[in-house]
Each structure stands twice: as C-alpha cells, then as structure tokens.
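Here is a short tour of the model you are about to see.

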Amino acid sequence: MSNRHLHLNSLKVFEAVARHLSVKKASEELCVTPGAVSRQLSQLESLIGAPLFQRTRQGLELMPAARLCLPRLQEGLAALRESVELIYEHTESQPLLVYAAPAFGMRWLMPRLHRFALAHPSIDVQVSTRVSPYVGRRGATQATLGLRAWTDQADVVLIFGDDRLAENAPDLHVERLIPLSITPLCHPRLLERANAMRVPEDVLEQTLLHDHRGLRYGDRSFWQSWLDAAGVSKPGGDIGPRFTHSVLAIEAAIEGVGIVATTPVLALDALRSGALVAPFDLEVALDSAYYLVSKPATYERADVTLFRRWLRAEAQLEVSRLPLGETM
C-alpha cells in the first residue's frame, strides 16, 4: 500500500456509503449519480485489493476490515474539515488597518482604543500614523492623489482637513468626525507669575508656542486667528518657537516653556489632570476638523461599520466632557 495513492474523493465516497449503508443516499448527499458512487467504490476496492461491502438481500453490510478502519477515516476527514475552516477563519479575519494623523493618533485615538478592543475582541485594529495629506487651500490635487493612495492601503483614514476634502475627493466616503476650535493653553504656574495673563493682550508678554497646523494647512497661524478674534491688534502673534508636530507644541506647554494656541481635543488628558489650563474662555471655531475617509465599499464593511460607530460615540462623549467653559 505504501506505493498506492488513495484518492481523497474515493475515501469521502466510501465514508458516506458506510455511514448510510446505501449507495443512493450517499449519492444524494454528495450530489452525484449512484453510478458515479459505485465506480468510485469499485476503484477503491481494486486499489486496496479487498472488498469493502457485502451485498445482501437487506442491503449493504460493512466488511470487517472496512468496519475497523471507518472510525479512523471519519476522524481524519473531520480533521481535514476543521483545518479548512481554520484557513477560512484566518482569511476572513484580516486586520482593520487605520491610518491616522500623528497628533490625533497619539493624543486622541490610542488612549481610547483599548475600549474598542474590549468591546470587539475579534477585530484586530492596526494603527499607523501618517502626516496628513491635507485637502484644502494648499496643494489640493497632489494631496487628493495622496489620500486616494492611502485608502488603497488602509481601511480607514483619519485626517485633519476642511469641507473641501469631500469636494476634491467625491469618489471617497468622507465623514466629519470631530469639529475643532482653538484656545490658548499653558502650565498653571504661568498664571502665578507677576506678569500673569489677565487680558488677551497679555499673552504677547509670554513665549508663544506655535502649533504648525494653522500655517501648514491654512492661511494664518492659530495664534493670529485667536488674537484677531480676541481683538488684539498689537503685532507679535507670529513670534516664537514653531513645532512641526502639534503634539510637540503641547508637550512644550506642559513643561512650562510657553503658551500654545491649539485644539483642546488633543490635550484633554492634560487639561483634566491640571497639567494644562485654559487662561481664557474664548475659543475660536475652525473651518477644519478631523475626518474619517474610506472607500465606499470599505465603509460598509462590518468591522469598519463597528469602528466608525465607536469613533462617533467616543467623539460625542469627549465633546460633552471638555473641561472648558464652552464646547468645540
């Protein structure tokens, strides 16, 4: 037998006939003709050199050797089926790939992602940060091409943008996730100094830290936008250290280096812990927001649907808990 090749199909036919003790019932189960079943049995019996069934007036009976090997054969076929199911399960449980803007990914998404993992342990979310290909005033065509490339690589893209994002990428599903506002934030000890900030103009006496997003993705710095809204006409809003990533500007403010005009949504934990405070109630709404972007077909996928619903719920929860005088 070591040099004889048993065909899996013949073994499956033998097992079905042995279980039913009927060629007709086996053929119905296997969706083949009774003649095809009989031919497979004959080929198998010829190959092993021994009969498998005894034909009697009552029907089929298993020969002793066939009766002896049947349980092991059934175990083997069951193991094969389980192995194939494992392959299907692995194929169907592909990770949910998320691209996120660096500051948003580090400051907002990652501290909360464990809640999604606990609620949906079968979904493997893999997050990668990317510098946002902003679709707005600057470089719209190039940025849109970059965004489409991202949606080819990831299931969900979370980026900083404005309403023109949807206009420039009508073939993608674009959902406004978190509206944004800006306000000054600083370490509490800056308010304890002799030249503490009492009115908006006093911020010009401090070291101004610049969150890069205002100028990179818009026409004016965040500081200039806030000072204009506060009615401060004195120049000086563009002076001070500039940070290529907003998270670095926030960290500098936490360390007491200066005061930063930024989006409170990226500094919620620091605000709640008291590491940062907002010296003024004035918040200036931005045209920009954080958006969820994906291909339309991907957007409707079951795991993506669960993830985006969770994102919306978390965003609503955070807005309601902002430790400032006004919501975003």
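Leucine 209 stands opposite valine 260 in β9. Strands here are DSSP runs of E with at least two residues, helices are runs of H or I with at least four residues, and both are numbered from the N terminus. Strand β7 (residues 208–211) pairs with β9 in the parallel sense over three bridges, where pairing requires that DSSP finds at least two bridges between the two strands. On the other hand, strand β6 (residues 173–185) runs antiparallel to β9, and three bridges join them. Threonine 183 has threonine 262 in β9 as its bridge partner.

Are the two faces of β9 (residues 259–262) covered or open? Both are covered. Ile259 and Ala261 are buried on one side, and Val260 and Thr262 are buried on the other. Buried means under 20% relative accessible area, exposed means over 50%, and partly exposed lies in between, with a 1.4 Å probe and protein chains only.

A word on the ground rules. This is a predicted model, so local features need pLDDT of at least 70 and side-chain atom pairs count only at pLDDT 80 or more, while totals for chains, interfaces and linings use all residues. Residues are numbered from 1 along each chain as its sequence is written, and side-chain values use heavy atoms, with hydrogens and water left out.

**The chain as a whole**

The chain has 14 helices and ten strands. Of its 328 residues, 45% are buried. Among contacts between residues at least 6 apart in sequence, 76% join residues at least 24 apart; a contact means heavy atoms within 4.5 Å. The accessible surface comes to about 17,000 Å², with 53% of it belonging to carbon and sulfur atoms. Those areas come from the Shrake-Rupley method with a 1.4 Å probe, and for residues only the protein chains shown count as cover.

How many disulfides does the structure hold? It holds zero, a disulfide being a pair of cysteine sulfur atoms within 2.5 Å. Cysteine 69 is partly exposed at a relative accessible area of 34%, whereas cysteine 186 is buried at 0%.

**Helix α1**

The expected span of a helix is 1.5 Å times one less than its number of residues. The 13 residues of α1 should therefore span 18 Å, and the end C-alpha atoms are 19 Å apart, which agrees. The buried residues of α1 are Ser10, Val13, Phe14, Glu15, Ala16, Val17 and Ala18.

**Salt bridges**

Side chains of opposite charge can pair when their charged atoms come close. A search of the whole structure finds 16 salt bridges, each being a side-chain nitrogen of Lys or Arg within 4 Å of a carboxyl oxygen of Asp or Glu. Three of them are among those listed here.

| Pair | Closest N to O distance |
|---|---|
| Arginine 115 and glutamate 314 | 2.7 Å |
| Arginine 272 and aspartate 269 | 3.9 Å |

Arginine 115 is partly exposed at 34% relative accessibility, while glutamate 314 is buried at 6%.

Arginine 272 and aspartate 269 both sit in helix α12 (residues 268–273), three residues apart, about one turn of the helix. Arginine 272 is partly exposed at 38%, and aspartate 269 is partly exposed at 42%. In the remaining pair of the table, arginine 301 is partly exposed at 32% and aspartate 303 is buried at 14%.

**Around proline 95**

Arginine 301 turns up again as a neighbour of proline 95, which also touches Asp124, Gln126 and Asp155, leaving aside residues up to four places away in sequence. Proline 95 is found in the loop between α4 (64–92) and β3 (96–100) and is partly exposed at 24% relative accessibility. Proline 95 and aspartate 124 are 29 residues apart in sequence, yet their C-alpha atoms are 4.8 Å apart in space.
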